[in-house]
Amino acid sequence: MSTVAAPLLNEGIRAKIRAYIGRYPSKKAVTLPALHIVHESLRCVPFQAMAEIAEILEITPAEVHDTMSFYGFFPQAPIGDVRLWVCRSLSCMLTGGEEMLEVTCAKLGLHGSGQTSSDGKVTVEFAECLGICDFAPAALADDGRIYGPLTEEKVNAMIADVKRGPQPIL
Amino acid sequence: MAAFEPVLSRNWNVAQSHTLPVYESRGGYQAARKALTQMDPDGVVNLIKDSELRGRGGAGFPCGLKWSFLPKDRKETLMCINADESEPATFNNRILMEKDPHQLIEGIIIGCFATKATAAYLYVRFEYIKAYQILERAIDEARAKGYLGKNIFGSGFDLEIWVHRGAGAYICGEETGLIESLEGKRGWPRIKPPFPAVEGAFKKPTVVNNVETLACVPHIVERGADWFKSMGTPKSYGPKLYCISGHVNKQTCVELPLGITCRELIEVHGQGVWKGRKAKAVVPGGISMGLLSADELDTPLDFEAIRKPGCLGLGTAAVTVIDDQTSIVDYLYNCARFFAHESCGQCTPCREGTAWIYKTMKRIKLGGGRMEDLTVLGGIQANLGITPGTTICGLADGAAWPIKNALAKFRPELEEYIKTHQDPRYAVTPLQTAITMGSPTTAAVTPVSIGMSSPTGALRSPHSS
């Protein structure tokens, strides 16, 4: 028995993707913007979404997956409301970044980076240089909020702030 | 020499510096108007050539020369702006875009006019979220004012700028990796030639310039090549945004003439090494460039002088200070982990080499180091990158240089670490020794009995019954 799956991407998402097509000489170039648009709405990019992006851009689902999988940025299962990157690269490491990553995970009850808090509010990931070394050791929320220089106490304030959910920064 | 007057950062402390009215009130878009209405494209290219502006992204390639590589008979040109700033410890482009996006847009307008590009793709790394939002607003403002779009300043020149967001891949800062990523593919650098100027994005002649490079352009148009060359050191002219972070009292980004010494940057602008300590080593321009030892701190940070103590180059001029309480092993481990994580996997020497360096550094750090590891690391780094000619892009050279410089400058410390950090859990096993010797003995390969019989049906597929 087979059923036709209902489309995963609604018309709003599709319209946003189509709006990018005129910007580039090829439709395939819209792959990355499309992945970002889907990820922003669904907090993940499942296989069905890749197939639907492929259909809009007139390429194969495998091409979308090939690009998507290279970046390691787009999870296939939903992440928390806010994604929080804690930097572990040189300047942050020197000023205590690795410890701050551990502390952040511990305070949220996570066993390591890549996990989501049980209330679904925050996913913590390690990051290679976030380009905010003037705040080292630093962390970045995926709505653009920057935290740093972190200390154990400041991690508490950061977690409380992140748990308020995504916030506009401008 | 006259007192240095910052230009790239002159608006940073002005309120609302990211908005068009403030930028215009400070003389903004006058250089673009001048270039488009009073100069011709070749005139701008020649002016930039005369200024000897070198690319600020890392390689230091002369900008005007790059522009002149475009084929004369081209029908269409594209510009890519590299704002995928991901080199560890580097954040000057972020501040440039957040604080003064219109300066960059003006630079793009002039650069595109000079190269006859009608579309510009501004490739911004995803993590620069605020910069992305500010740029989108600034582009809308500029378009509404007629600085972008059709017939800019009545010159007949048309231009659109599109912001394209990356997705967390360091390699997309390599210019052909960026182009592949822009085209919707994995960010695998291309074999050159053809160079982007001949066949770049979407098979069209393409110029790829760094954010800071383009931010210099309006000032050169406004003040002239001689003004630009009045700053800096021979072959390294103009102002530069230096980042300073790590073990300093003040982590910051500061604009200075090219060629300031590392010591002055740390003592004056970084306000000294933190906690009253001394610097053991300094990473001069992002981790790819290698490192300076404490007695090399008087090296001027410009494109040429930095090579004398064996560094790869000026890179991004992002200085990271490592204090005398920190082990060089920790630094090397951090660098090795970064490059193993960010190697794109296309070229075998880089994919395997960075992973091998990382594994070895991890073992040394944990207490399983062996003296011969240093020899092996030396061999790996010597065979890695475009310098020996084994890889397509320079990522691997960046992975090799920290090892190369550390072995040359800190070998006694590395040897001492290995001697004093031995953990029996990481000791060499008899089997490993036997394999290394090339003659496995019976004793070494005898399987350890675990007192359990093999589970029956272990090889049977769950679907076969």
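Predicted model: local features only at pLDDT ≥ 70, side-chain atom pairs only at ≥ 80, totals over all residues.
Chain B contains 465 residues, 59% of them buried. Its secondary structure consists of 18 helices and 12 strands, and its C-alpha trace extends over about 85 × 65 × 40 Å along the principal axes. Among the contacts of chain B with a separation of 6 or more, 70% are between residues 24 or more positions apart. The accessible surface of the chain amounts to about 18,900 Å², with 55% of it belonging to carbon and sulfur atoms.

For chain B the assignment gives domain 1 (20–230), domain 2 (233–325) and domain 3 (329–449). The centres of domain 2 and domain 3 of chain B, taken over C-alpha atoms, are separated by 27 Å. Between these two domains there is contact, involving 16 residues of domain 2 of chain B and 13 residues of domain 3 of chain B.

The largest nonpolar core has 165 residues, of which I17(A), W67(B), I108(B), L122(B) and L159(B) touch the most other members. Helix α12 of chain B, residues 328–342, gives the most to this core, with nine residues. A second, separate core comprises 24 residues, including I244(B), V248(B), I306(B) and A317(B). Returning to the largest core, of which L159(B) is a member, one finds that L159(B) touches residues such as I108(B), I109(B), C112(B), L148(B) and I152(B), with residues up to four places away in sequence not counted.

Helix α8 of chain B illustrates how a helix may be covered. Of the eight residues in this helix (175–182), seven are buried; they are T176(B), G177(B), L178(B), I179(B), E180(B), S181(B) and L182(B). Which elements cover them? The cover of the buried residues of α8(B) includes α2 (31–42) and α4 (61–71) of chain A, together with β1 (77–83), β2 (117–124), β4 (157–165) and β5 (206–210) of chain B. Just after α8(B), G184(B) adopts a positive phi of about 95°.

Two further residues may be set side by side. Q103(B) is placed in helix α6 of chain B, residues 101–115. Its relative accessibility is 2%, and Q103(B) therefore counts as buried, the cut-off being under 20%. Not counting residues up to four places away in sequence, Q103(B) touches V7(B), L8(B), Y23(B), L96(B), A215(B), P218(B) and H219(B).

D324(B), by contrast, is found in the loop between β12 (318–323) and α12 of chain B. Is D324(B) buried or partly exposed? Because its relative accessibility is 34%, D324(B) counts as partly exposed. With residues up to four places away in sequence left aside, D324(B) touches R277(B), K278(B) and K280(B). The C-alpha atom of D324(B) is separated by 35 Å from that of M97(B), which is 227 residues apart from it along the chain.

Note on methods
Residues numbered from 1 in each chain as written. Chains lettered and ligands numbered in written order. Heavy atoms only, no water. Helix = DSSP H or I, 4+ residues; strand = E, 2+ residues; numbered from the N terminus. Buried < 20%, exposed > 50% of the residue type's maximum accessible area, 1.4 Å probe, protein only. Contact = heavy atoms within 4.5 Å. Areas by Shrake-Rupley, 256 points an atom, 1.4 Å probe, with all protein chains shown as cover. Core = buried A, V, L, I, M, F, W, Y, C linked by side-chain atoms within 4.5 Å. Domains from an automatic or database assignment.
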